[in-house]
Each structure stands twice: as structure tokens, then as C-alpha cells.
Amino acid sequence: MPDRSRWSRSRWSLRVAVAVLAACTPLAAAGTGSAEPFFRDQTAVDASEFGPLCTPDDSAAGTPDEASLEELSGLVSAGGLLYAVGDSGSDRAVAVMDGNCAVQRWLPLPVDPYDVEDMASGPDGRLWLADTGDNGRRRDTVALIAMDRDTGAGELHRLTYPDGPHDAETALVQRDGTPLIVTKEVFGAGNVYRPAGGAVVGDLASPGPTPLEKVGTLDVAETNGADDATTGSGTTAPALHSTMFTGGAVSADGTVAAIRSYSDVFLFSAPDGDLAAAFAAGPVVRAHVPQQPQGESIAFTENGDLLIASEAREGPVPPIQALPGAVSRVQEQARAQTAADEASAQSPGTVWGIGVAGGAVVLVVVAGFLIRRRAR
């Protein structure tokens, strides 16, 4: 008569072995053939980590016609000063502010713009204003306007998209001088464009136009879960806040880029200065921004703090907010990710491949042994 208790134990052992083998199989697959760590964290920054820096005040300098900080759309920090510009209808002059956000003087634009939406600092020390707004998507050309920070002198550089009109509120200049424009899309990823062939700002034709070429997309969908879609402020529908890009900035050393939306700032590591590649790799840090009426401007200070500002939307001019140490935070997070990637790449077989695969072999042998015992 067969020993039923022994057979029950054997059958139970077989089931356990098969279950463990099934659980280990995907882990083995995850560890082999990929240098990506099994768990990859992205640093999240709470809005409470921002603090008010100062509130723009033009009472002492007066305000020229068709210029206003109530529509603040572009911001640059350079040489201990802040440079700010409004958008369409209030973008005929750049405000030069001191460290307390008091306007010291205004610099009239060297050309009559259509709709300035962002501003960047180039490696040549000049300001580069992005005349790229096109809500109706009907402009034949957009433009970058060069401007001397001291005199306001400059010139127009027209640009043409290769695939029809786009609305864009984000412009950045890499440390090598290559300008990038990121479009503002209601749904989906933004498109990233640069002058054809990677021409730098100093080589752009004036007045042009210079053709643009698409070099990638900026897709933060994976970091914008449905649970986060209600963050942010202003009048834009909450679900759209984090995918509508409204401004960009590059750190003083060119190794960190920031792209903002109405609800978030996405920070990218670019140790080699290649921003398009950094966008493709995805953000290293995501920061929720504090409540703003309509946040559209962003800048890095020379010591690595992050600044964000907003339009007033018929209320008082909001303060500029600061996130201290943003650049160093991104660099530290990027180094930690690189170290994790290298560790995973050096021993994927030992950690998951060989270890789990070896365990799987043992389990198969045990299962075979139990089956043979059942046959007896």
C-alpha cells in the first residue's frame, strides 16, 4: 500500500518548487541583457521646498509703453541681476532688476516682436529672446532676438519649422551655443527643434530665415501619473498642467536643464551639454511648483538655485520663488543613478542572472527528483 502522507509531502514540495521557479523567471530576465537597475528612483521635490525670493517692483523706474511685469514670461539671472520680459502686448522692453527684484532700468527691444514667450542667456553673454508664441498656429516664421545686456542693441534671426507652425514657449541655449525650441502641446509630448545642422546662435542668419530641424521629443508622460494630474494652479485644466511646457533654462555650467509647466519643473542631467540627449533620457528630478496664477518663467542663478515666476492674471504681481541648490541636487542624483547603473552592468549575471538561473536549475532538478519518486 503506498505511503499517502509521503506522496502528499512530495506533491506539496513539487508545487512549491514550480511556484518559486515561476516567480524567479522574470527576475532572471530583468537582470540579464539590461544594464538598467531593477528599481530606478526619480527624486521628487515638494512645492513646500520653494520659498519667495522677492516680488518684482517697477515703481522706481517707471514702465515704458507696451511693457509690463504683470505678464512676466521670460526670466534670466546673470551677473547678479535679473532680466525679465512679458509676453505678447507687454514685451517691448526687458526689465533689469537688482537682487531685491527692484527694476533699475528698462532695455527696449531692438526689433518689434510678435509674441516673446521665453528668454535665455547665450555663451556670448547676450540675451536671446524667443519670439515663438503662436497660439493660432499660423506664423510662417518665428524668431530669436539677440540683445546686448548693457545697451539693448541686437538683431532679429528668423526661423522656420520643417513641418508647419507650432506654438512654443520654451527656448534654451546649450553651452556650445546651439539653441533649442520646445513646443507647447495641449496633448502629448513636446517637439524639440534646433537650427539645421546644429548651427550655434552666433552663426544664425539675420534676418534669415534659418530652417529648423526636429531632433527629438520631450515626453514626461511616465512621470505624470493620473494621481499627479491634479497638481498645479492657474486657469488651465488640471489634467493638462504638467504636459504644457511654458519655459526652460540651462545652468551656468551647461550641465543641467530645466523645463517647466504650469504645475511642475522637470530637471535633466546633461554632463556633456547635449540637452536633446538629456531630454530623451528623461528627467532626473521632478519638482512640484507652489501655487502660481500662471507660471511661465524659469531661470537658474549662477550659484545653482532655481527661480520660477508667474504672470499676475489681473491680480498683484506674484513673488519670484526659489528652490535652493537645485543644480547640485540634480548632479548628485545623476551620480547616484550612474553608480547604480554601473553596478548593475558589472554584475547582472551574479546578482540576478547566475544567481536566479542557478537556483532555477536546482529547482528543476528537485522537481524531476520528486516526479521520479512519484513514478516509483
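Which strand gives the most to the lining of the second largest pocket? In this predicted model, in which local features need pLDDT of at least 70, side-chain atom pairs count only at pLDDT 80 or more, and totals for chains, interfaces and linings use all residues, the answer is S3, with four residues. Residues are numbered from 1 along each chain as its sequence is written, and side-chain values use heavy atoms, with hydrogens and water left out.

The chain contains four helices and 21 strands, taken as DSSP runs (H or I, at least four residues, for helices; E, at least two, for strands) and numbered from the N terminus. Of its 376 residues, 47% count as buried (under 20% relative accessible area, with exposed over 50% and partly exposed in between; 1.4 Å probe, protein chains only). The exposed surface comes to about 17,000 Å², of which carbon and sulfur atoms supply 53% (Shrake-Rupley method, 1.4 Å probe; for residues, only the protein chains shown count as cover). Among contacts (heavy atoms within 4.5 Å) with a separation of 6 or more, 56% join residues 24 or more positions apart.

The second largest pocket holds about 400 Å³ of space. Pockets and cavities were found on a 1 Å grid over the protein atoms alone: a cavity is a set of points where a 1.4 Å probe fits but cannot get out, a pocket is an open set with protein on both sides within 12 Å along at least five of seven lines, and lining residues have an atom within 4 Å of a point. Grid points are joined across faces, edges and corners, and the volume is the space filled by probe spheres set on the points. Of the 26 lining residues of this pocket, Ser-121, Gly-122, Val-250, Ser-251 and Ala-252 lie nearest its centre. Strands S3 (72-78), S7 (118-121), S11, S15 (247-250) and S19 each supply at least two lining residues. By class, the lining has 15 nonpolar, eight polar and three charged residues (Ala, Val, Leu, Ile, Met, Phe, Trp, Tyr, Cys and Pro are nonpolar; Asp, Glu, Lys and Arg are charged; the others, Gly among them, are polar).

One cavity of 30 Å³ or more was counted, and the largest cavity has a volume of about 40 Å³. Its lining consists of ten nonpolar, no polar and no charged residues, including Trp-128, Leu-144 and Ile-181.

Leaving aside neighbours within four places in sequence, Leu-267 is in contact with residues including Ala-258, Pro-283, Phe-300 and Val-330.

Phe-245 is found in the loop between S14 and S15 and counts as buried because its relative accessibility is 1%. Beyond neighbours within four places in sequence, its contacts include Glu-169, Leu-218, Ile-259 and Phe-266. The C-alpha atoms of Phe-245 and Ile-259, 14 residues apart along the chain, are separated by 6.8 Å. Gly-198, in the loop between S13 (190-195) and S14 (210-218), is also classed as buried, at 19% relative accessibility. With neighbours within four places in sequence left aside, Gly-198 is in contact with Thr-178 and Glu-213.
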